[in-house]
Amino acid sequence: MHVSIVASSPPSQTDTFIWSDESACSVMAQRLAHALRPLLTQGGTAYIELHGTLGAGKTTFTRHLLRALGVEGRIKSPSYAVVEPHEAANGIQVHHFDFYRFNDPQEWEDAGFRDLFAAPGLKLAEWPEQAAGLLPRPDLRLHLTPVSDTCREVRLEALTPTGQLLRQGMTQP
């Protein structure tokens, strides 16, 4: 297992990591969970976008993050349901969205997604570009790029003060 920071540029709040294998993905998810926990247990909110091609590791990272936050039981991909709700330790609410098949903005309103995003807790969105213009500004964006079958390049962007705090928690061992 090897997690390394390839580059860091403080003004843009962007870091690039290499995950040599899935255990490196798990380590980063645990670091993010550790950074999220104080915010979420106090009723705060965080929104994280996950970008990448099919098979890049978006759902794998999400599963590791949810486990690190204390979610028990089966963690399904929301590919067909669009959203899967979870309850983590200490009553933390998590909503995992997958907008891959999303194609009608009216679905957003009808499904009550605006209310979900306004509520306390963690929101994770795969394929957020499919709901462009409807989603709030994310705190963090993770761009996952496969380098090989097991290796991923991950670009982490912090876009808000909350995102900057989470980024710091992820980049410090």
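Which residues does Leu65 touch, not counting residues up to four places away in sequence? Leu65 touches Ala29, Leu32, Ala33, Leu36, Leu122 and Leu124, where contact means heavy atoms within 4.5 Å. This is a predicted model, in which local features need pLDDT of at least 70, side-chain atom pairs count only at pLDDT 80 or more, and totals for chains, interfaces and linings use all residues. Residues are numbered from 1 along each chain as its sequence is written, and side-chain values use heavy atoms, with hydrogens and water left out.

**Nonpolar cores**

- The largest nonpolar core has 33 residues, and those with the most contacts inside it are Leu36, Phe61, Leu65 and Leu122.
- At least two residues of this core are supplied by each of β2 (14-19), α1 (22-41), β3 (45-51), α2, β6, β7, β8 (152-158) and α5 (161-171); helices (H or I, at least four residues) and strands (E, at least two) are DSSP runs, numbered from the N terminus.
- Helix α1 gives the largest share of this core, eight residues.
- A second, separate core of twelve residues includes Val82, Trp108, Phe113 and Ala131.
- A nonpolar core is a set of buried Ala, Val, Leu, Ile, Met, Phe, Trp, Tyr and Cys residues joined through side-chain atoms within 4.5 Å.
- Buried means under 20% relative accessible area, exposed over 50%, and partly exposed in between (1.4 Å probe, protein chains only).

**Helix α2**

- In α2 (residues 58-68), the buried residues are Lys58, Thr59, Phe61, Thr62, Leu65 and Leu66.
- Seen down the axis of α2, these buried residues fall within an arc of 155 degrees, so they line one face of the helix; the arc is that of the directions from the helix axis to the C-beta atoms.
- Gly70, which follows α2, has a positive phi, near 100 degrees.

**Positive phi outside glycine**

- Asn90 is not a glycine, yet its phi is positive, about 65 degrees.
- Asn90 lies in the loop between β4 (83-87) and β5 (93-98) and is exposed, at 65% relative accessibility.
- Trp127, also not a glycine, has a positive phi of about 55 degrees.
- Trp127 lies in the loop between β6 (121-126) and β7 (140-146) and is buried, with a relative accessible area of 14%.

**Cysteines**

- The whole structure contains zero disulfides, a disulfide being a pair of cysteine sulfur atoms within 2.5 Å.
- The sulfur of Cys25 is 12 Å from the closest cysteine sulfur, in Cys151, which is too far for a bond.
- Cys25 is buried, with a relative accessible area of 4%, and Cys151 is buried at 14% relative accessibility.
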